[in-house]
Every structure is written in C-alpha cells, then in structure tokens.
Amino acid sequence: MTLVRIAPSRNHGRMDIRQLAKHLGLSIGTVSRALNDRKDVSPATRERVIAAARTHGYIPNQSGRTLRSGRTGTIGFMLTLENDSAIHGDPFFMALLEGLQSGLGEHDLDLVVLLARKGEDGLTFLRRHVSRGTVDGWVLSGTQQDDARIAFLLERGIPFIALGRTATAHDYAWIDLDFEGVVAEAMSLFTQAGHRRIGLVAPPVSINNSQIVLACYRAALERAGLPFDPVLVHHGETDESDGEETARALMALADPPTALLLMGETAPVGAYRALRSIGLEPGRDVAVIGLRDSPACRALSPDLTCFTLTLGDLGLALAKGVVARLPGRAAEDEPLVQQLWRMSLRAGRSHLTAS
C-alpha cells in the first residue's frame with residue numbers, strides 16, 4: 001500500500017496546547033473545547049483562542065485527537081493500478097485531487113490518496129483500511145457494474161461518495177461524467193457526416209461506464225438506422241498503447257471503420273500514430289473523436305475533436321458531496337448528491353472527413 005497525504009499549507013510552529021493555554025491565561029480544557037468548536041465556550045473566547053493558535057502556529061496532536069474523537073480529520077481517495085488513468089501517465093486525477101483537497105481544506109480536512117496493490121481485490125483493500133480506521137470518509141473511483149465496495153460502506157454506515165455509478169440499485173452519493181451526452185453528440189457528428197462504419201474503443205467491460213458507453217453507442221446506431229457490428233467494438237485499457245494497437249487492428253478489417261470514437265484519455269495519441277503508420281491521415285482518411293482534451297492530446301495535429309470539463313470544479317463538487325455525508329456536517333434532510341457532470345464539445349478538425 002502506498003500512501004500519499006495532500007494537506008493544506010500550515011504554519012509549522014512548536015507551541016503545544018499547554019503553552020497556548022498559558023499564553024492565553026486559560027485552562028487547557030477551555031482551549032481544547034474552543035479549538036473543537038464546543039458550544040460551552042463563548043464565541044469571543046473561541047475567536048481569541050483560534051486567532052492565537054494561528055498566530056503561534058499551534059498544531060493539535062492528531063493521534064490524541066483521533067483517540068478522543070474517533071475521527072482522523074482525513075478523507076481517503078481510493079486509486080487502483082488497473083483502471084485509473086493516473087497510472088497510465090494522464091494527469092486527470094492530479095487536477096481532480098487538487099480541487100478535491102481545496103474543497104476539503106475549507107472544512108479543515110486533509111486528503112489521503114490510498115493506492116491499492118496491483119491485482120488486489122478492491123473490497124479486501126477497503127476492509128483493511130476500514131478496520132484500521134484510516135480515514136473518516138471515502139471517495140471511490142473506477143466503479144464496477146456491481147461494486148461490492150459500495151454495498152460494504154453502506155452496510156457499515158461509512159460516509160463516502162463515488163466518482164461513477166453502478167448498474168445495481170443502491171441509494172448512495174455519486175457524481176459521474178455525462179458519458180451518455182458525450183457518446184450521443186460524437187455519434188451524431190459521425191452519422192450526420194455519412195459514416196456507416198464507426199469503431200469504438202471503450203474501457204474494460206467490468207467498469208460500469210464501459211457498459212453505459214456501449215449502450216449509448218448501440219442506441220445511436222439504431223437512431224441512424226445502422227446495424228451493430230461487434231467487431232467494431234473493443235474493450236481495453238484505453239491508454240496510448242491500447243489506442244495504437246486497437247486502431248491498427250480495426251483498420252486491418254476486411255471492411256474497416258471510417259470513423260473512430262476513442263473513450264480514453266490518451267488513446268487518441270496511439271490511434272494517430274497507428275493510422276499514420278499505415279498511410280492514413282486522421283481527419284482526412286479517418287475521422288477521430290476523443291473523450292477529453294488531456295494535455296497529451298492537445299499537441300495532436302490535426303487538433304482533436306473531443307470534450308472538455310473543469311477538473312478542479314469536479315473535485316470541489318466531490319469534496320462537498322463527501323463532507324455532506326460526515327456526521328454533524330450537514331442538515332439531516334439534505335439530499336444525496338447524484339449528478340451527471342456535463343462535458344462540452346471542443347470541435348477540432350479530426351472529425352471533419354466524410355466517409
């Protein structure tokens with residue numbers, strides 16, 4: 001297990017609670033209650049204690065606070081080696097985590113990124129950290145169709161939010177990218193341009209968004225009066241290597257596609273390379289649409305038609321959603337966050353060729 005802590009900046013002084021209490025002329029108990037926002041301390045005293053703590057760089061002993069309160073003041077983000085794009089060199093999660101930490105920092109919470117071992121069952125990983133009390137709440141990514149982690153956290157009453165949905169019916173907090181909107185808009189561009197053979201590169205079948213993408217792809221074909229051909233669909237890692245291998249394989253078919261929809265962060269980079277290696281030019285001989293304008297894809301020529309979102313804002317929304325699930329942090333009648341995160345089309349030149 002690899003642990004990375006992302007914490008707000010603080011003034012690292014040496015004053016402990018006894019010295020702070022002595023400086024203020026207050027008892028240690030009063031200072032402790034003021035710092036923990038207890039209602040039996042007057043607002044004036046609380047403000048005085050907090051101001052002095054900031055001025056003198058007081059940092060509470062986290063171990064002692066955890067033992068007394070049963071809380072760690074941290075939120076865990078579970079990252080997996082198999083399915084998360086950060087492992088394949090894309091900065092999606094780095095930008096997302098920056099926004100997430102910013103949102104948590106507003107509530108004096110830290111973010112801990114917990115990396116599961118390669119090949120380790122996600123539920124086993126989660127059980128281990130829950131038994132240790134590593135964090136107060138969780139942000140899950142890479143949601144499966146039937147994700148045992150979600151059922152486990154719900155059963156234990158542990159606060160969490162998921163970056164993604166599942167196919168099974170659970171009442172839990174989630175935010176997911178609007179894959180339905182992305183696929184519908186991309187397929188509409190292709191079919192209106194006259195393409196009848198459209199290749200799809202989607203994530204592994206166990207990942208729930210892969211099933212969403214496939215269902216929307218089939219629905220778009222049906223709307224356009226086009227048949228579904230399974231040989232045009234590939235499920236894989238959707239990284240640069242996978243994009244290259246799949247594009248080459250699809251173009252080697254007896255009846256190859258004239259357009260490619262690549263639902264991976266860096267897959268278009270590999271696809272461009274594969275097409276040029278066999279004498280085809282993206283945006284001239286084969287139309288290409290990618291998922292997102294990742295930094296790697298911004299350097300492509302012709303410029304890639306893809307979709308944009310502000311990852312920092314998405315991270316802030318995830319922070320707000322998980323904080324709302326923490327005990328004492330939100331009103332009892334506050335609804336669960338269940339939101340599709342809209343992505344906007346960025347029209348480049350890679351999709352302009354006709355079949």
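Colleague: How many of the residues of α11 are buried?

Modeller: This model is predicted. A residue counts as buried when its relative accessible area is under 20%. By that criterion α11 is mostly covered, with 8 of its 11 residues buried. The buried ones are Ala267, Pro268, Val269, Gly270, Ala271, Tyr272, Ala274 and Leu275.

Colleague: What covers the buried residues of α11?

Modeller: The cover includes helix α10, strands β9 (259-262) and β10 (287-292), and helix α12 (295-298). Beyond α11 comes Gly279, and the phi of Gly279 is positive, near 85°.

Colleague: How should I read the packing of two helices, and at what angle do α10 and α11 cross?

Modeller: One considers the separation of the axes, the angle and the handedness. Helix α10 spans residues 240-251 and helix α11 spans residues 267-277; their axes come within 6 Å and cross at roughly 40°. Angles under 35 degrees count as roughly parallel and those from 65 to 115 as roughly perpendicular; α10 and α11 are therefore oblique to each other. Their crossing is right-handed.

Colleague: Which residues of α10 and α11 meet?

Modeller: An α-helix has 3.6 residues a turn, so residues three or four places apart point the same way. In this structure, α10 contributes Glu240, Gly243, Glu244, Ala247, Arg248 and Met251. These meet Ala267, Val269, Gly270, Ala271, Arg273, Ala274, Leu275 and Ser277 of α11. By class, the contact holds 7 nonpolar, 3 polar and 4 charged residues.

Colleague: How far apart are the axes of α8 and α9?

Modeller: The axes of α8 (residues 179-192) and α9 (residues 208-223) are 9 Å apart, and the helices pack at an angle of about 35°. This crossing, too, is right-handed. From α8, Phe179, Glu180, Val183, Ala184 and Met187 take part. Their partners in α9 are Asn209, Ile212, Val213, Cys216, Tyr217, Ala220, Leu221 and Arg223. The residues of this contact divide into 10 nonpolar, 1 polar and 2 charged.

Colleague: Where is Thr143 found, and which residues is Thr143 in contact with?

Modeller: Thr143 sits in the loop between β4 (137-140) and α7 (148-156). At 5% relative accessibility, Thr143 counts as buried. A polar atom of the Thr143 side chain lies 2.8 Å from the backbone oxygen of Arg165. Leaving aside neighbours within four places in sequence, the contacts of Thr143 are Arg149, Ile150, Ala162, Leu163, Gly164, Arg165, Thr166, Ile207 and Asn208.

Colleague: How many helices and strands does the chain have, and what share of the chain is buried?

Modeller: The secondary structure comes to 13 helices and 13 strands. Of the 355 residues in the chain, 48% are buried. Contacts can also be read by sequence separation. Among those between residues at least 6 apart in sequence, 68% join residues at least 24 apart.

Methods:
Residues are numbered from 1 along each chain as its sequence is written. This is a predicted model: local features need pLDDT of at least 70, side-chain atom pairs count only at pLDDT 80 or more; totals for chains, interfaces and linings use all residues. Side-chain values use heavy atoms; hydrogens and water are left out. Axes are lines fitted to C-alpha atoms, for helices over the stretch in contact, and angles run from 0 to 180 degrees between N-to-C directions. Helices (H or I, at least four residues) and strands (E, at least two) are DSSP runs, numbered from the N terminus. Angles under 35 degrees count as roughly parallel, over 145 as roughly antiparallel, 65 to 115 as roughly perpendicular and the rest as oblique. A crossing is left-handed if the near helix is turned anticlockwise from the far one by less than a right angle, and right-handed if clockwise. Contact means heavy atoms within 4.5 Å. Ala, Val, Leu, Ile, Met, Phe, Trp, Tyr, Cys and Pro count as nonpolar, Asp, Glu, Lys and Arg as charged, and the others, Gly among them, as polar. Buried means under 20% relative accessible area, exposed over 50%, partly exposed in between (1.4 Å probe, protein chains only). A polar contact is a pair of N or O atoms within 3.5 Å; within protein, one must be able to donate a hydrogen and the other to accept it, and residues adjacent in sequence count only if both atoms are side-chain atoms.
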